Amino acid sequence: LPELAGLETDLRIGFRHDGHDSAVVPSRGTRASVGLTHYFASPDAEGIARTNEDVTQLEAGSATFWKWRTRNRLFVVASAGTSFNSTSISQFLLGYPFRLDAFNVGERRGDHYGVLTLGWLRQIGRLPDFMGGPIFIGSWLENGSAFNSDADADFNTQAAAGVVVDSIIGPLVAGTSVGLDGGWRAFIAIGRMFR
């Protein structure tokens, strides 16, 4: 990567609504967010045509959960972002849990993206109270793309299965994901997953 020199100045405006009844695996509710970022100044990068100078990006997402019977959760996670007509250095990255997780983080990136995930989780047990909370297993289906122009949009479908645990160190997900294009990855993540 080239060396960067100079300041980056940006303005960020965001809105978040959190209607989930749990921070780990909700039984109901919707969490939605919208963020708008405008970069006023950006460091200079030698040999790169991309810049954040005078770039505006918009990103929005939601995660909605429904309780089905006693131990099951159905969910939909949708997110999208755009850099409008700019070619930004700060591209949108895929490869996170519930965001085309068969890819490595950043393996797919672009000035625009859109991902839709549909899934199911079932509570199979619970850790002792001093170690955490519920344990869920589940599966989900993801479809989306990161792209620089409409002509580059290559939508990928992936299926995943995993375990979600409310642990003493925070929310934990471990799973494996397979893409219809042949890609495969196992992953472990700690932190809030349904953003």
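Student: How many aromatic pairs does the structure hold?

Tutor: The structure holds four aromatic pairs. Before we go on, this is a predicted model, where local features need pLDDT of at least 70 and side-chain atom pairs count only at pLDDT 80 or more, while totals for chains, interfaces and linings use all residues. Residues are numbered from 1 along each chain as its sequence is written, and side-chain values use heavy atoms, with hydrogens and water left out.

Student: Why is the pair of Phe65 and Phe75 called stacked?

Tutor: Rings of Phe, Tyr and Trp (its six-membered ring) pair if their centres lie within 6.5 Å; planes under 30 degrees apart count as stacked, over 60 as edge-to-face and the rest as tilted. Phe65 and Phe75 are 5.3 Å apart, centre to centre, with 25 degrees between the planes, so the pair is stacked. Phe65 belongs to strand β5 and Phe75 to strand β6 (residues 72-82), so this pair ties together parts that are 10 residues apart in sequence. Strands here (E, at least two residues) are DSSP runs, numbered from the N terminus.

Student: What makes the pair of Phe92 and Tyr113 tilted?

Tutor: Their planes are 45 degrees apart and their centres 5.2 Å apart, so the angle falls in the class left between stacked and edge-to-face. Phe92 sits in strand β7 (residues 92-93) and Tyr113 in strand β9 (residues 112-126), so parts 21 residues apart in sequence are tied together. Both Phe92 and Tyr113 are buried.

Student: Why are Arg31 and Asp18 said to form a salt bridge?

Tutor: A salt bridge is a side-chain nitrogen of Lys or Arg within 4 Å of a carboxyl oxygen of Asp or Glu. The N to O distance for Arg31 and Asp18 is 3.5 Å, so the pair qualifies. Arg31 lies in strand β3 (residues 29-41) and Asp18 in strand β2 (residues 9-18), so the bridge ties together parts 13 residues apart in sequence. Asp18, Arg31 and Arg192 are also linked in a network of salt bridges.

Student: How do you know that Arg31 is buried?

Tutor: Buried means under 20% relative accessible area, exposed over 50%, and partly exposed in between (1.4 Å probe, protein chains only). Arg31 has 11% relative accessibility, so Arg31 counts as buried.

Student: What makes Asp21 and Arg28 a salt bridge, and is each partner exposed or partly exposed?

Tutor: The closest N and O atoms of Asp21 and Arg28 are 3.1 Å apart, so they meet the cut-off. Asp21, at 37%, is partly exposed, whereas Arg28, at 54%, is exposed. The structure holds seven salt bridges.

Student: What makes Glu3, Asp44, Glu46, Glu53 and Asp54 a patch of negative charge?

Tutor: Patches are made of residues with over 30% relative accessible area and no salt bridge, with like charges joined within 9 Å and nonpolar side chains (Val, Leu, Ile, Met, Phe, Trp, Tyr) within 5 Å. Lys and Arg count as positive and Asp and Glu as negative; His and the chain ends are not counted. The five residues you name gather on the surface as such a patch. Asp54, for one, has 55% relative accessibility and counts as exposed. Asp54 is placed in the loop between β4 (44-45) and β5 (55-68).

Terms used: Accessible areas come from the Shrake-Rupley method with a 1.4 Å probe; for residues, only the protein chains shown count as cover. The place of a charge is taken as NZ of Lys, CZ of Arg, CG of Asp or CD of Glu. Helices (H or I, at least four residues) and strands (E, at least two) are DSSP runs, numbered from the N terminus.
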